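Okay, thanks for coming, everyone.

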Amino acid sequence: MLKIALDGDIATLTIDRPDKRNAMCDQLVNEIDAFFSNPPEQAKVAILTGTGGHFCSGLDLEEHTARSGEDTLYHSRHWHSVMDKIQFGRLPVVSAMYGAVIGGGLEIAAATHVRIAEPSTMFQLPEGRRGIFVGGGATVRVGRILGADRMTEMMLTGRKYSADEGLALGLCHYSVGEGESMALARELAGKIARNAPMSNYLMMNAISRIDDMSKADGLFAESLCAALSVTTPDAAEGLRAFLDKRAPRFR
């Protein structure tokens with residue numbers, strides 16, 4: 001269900017349930033969990049994509065109908081845990097998206113750090129039409145991107161956003177031509193992989209948390225991150241490379 005390919009320091013994860021438009025079942029969530037809980041040591045960046053013309057169409061509703069309210073609560077909290085591992089893990093994650101980025105698919109995408117959309121991409125949160133509510137972190141992650149007011153409207157009306165609309169709103173960072181998302185994903189992943197690992201880690205783990213803090217607390221946390229980063233060998237290498245007018249060679 002989750003195909004994993006390692007090419008040098010870039011891991012490519014492909015959600016592979018084309019007959020279900022790559023809908024998320026428990027097994028697939030657990031496979032994503034297993035990867036981000038213990039990523040390959042040589043990997044510095046991950047690319048997440050789909051197959052069969054779609055990124056991910058959300059929760060597999062055939063599984064959802066069999067859950068009690070109590071089980072749904074625990075299931076939602078498990079999703080939160082997995083999404084946190086994506087957003088706050090060791091690896092920056094680039095999403096190469098096309099087709100359906102719906103419901104849980106949008107929740108997964110919003111947990112990644114760089115999002116690329118092709119013209120076929122359709123962003124939607126259709127839970128209201130199913131009589132349910134988001135449970136994989138959308139109220140926090142998608143709500144942070146869109147704002148509570150626009151997300152409420154999106155869910156109430158079942159509104160769909162295209163790649164270009166998503167770009168304007170922040171649901172994606174790049175809008176590219178058909179079939180171009182993976183090429184750009186690999187290019188950007190290569191750039192990210194050449195950064196200092198601790199710098200990448202701090203950017204992924206500190207910035208969104210600082211956004212939740214008061215101004216004074218955020219500034220103090222920023223100072224701690226700055227202090228930690230300069231203690232690494234990579235900081236010394238970065239300075240030497242700048243003075244030598246060459247590209248740095250980080251760990």
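I'll start with an aromatic pair and then move on to one helix.

Quick housekeeping: this is a predicted model, where local features need pLDDT of at least 70, side-chain atom pairs count only at pLDDT 80 or more, and totals for chains, interfaces and linings use all residues. Residues are numbered from 1 along each chain as its sequence is written, and side-chain values use heavy atoms, with hydrogens and water left out.

So, which rings pair up? Searching the whole structure turns up one aromatic pair, meaning ring centres of Phe, Tyr or Trp (its six-membered ring) within 6.5 Å. That's F35 and F36: their centres are 5.0 Å apart and the planes sit at 85°, so we call it edge-to-face (over 60 degrees; under 30 is stacked, the rest tilted). F35 is buried at 5% relative accessible area, and F36 is buried too, at 9%; buried is under 20%, exposed over 50%, partly exposed in between, with a 1.4 Å probe and protein chains only.

Now helix 10, residues 197-211; helices here are DSSP runs of H or I, at least four residues, numbered from the N terminus. Its 15 residues should span 21 Å, taking 1.5 Å times one less than the residue count, and the end C-alpha atoms are 22 Å apart, which agrees. There's a bend of about 25° at M203, the angle between axes fitted to the seven residues ending there and the seven starting there.

Which residues of helix 10 are buried? N200, L202, M204, N205, A206 and S208. The helix's buried residues pack against helices 3, 6, 9 and 11, with contact meaning heavy atoms within 4.5 Å.

Key: Helices (H or I, at least four residues) and strands (E, at least two) are DSSP runs, numbered from the N terminus.
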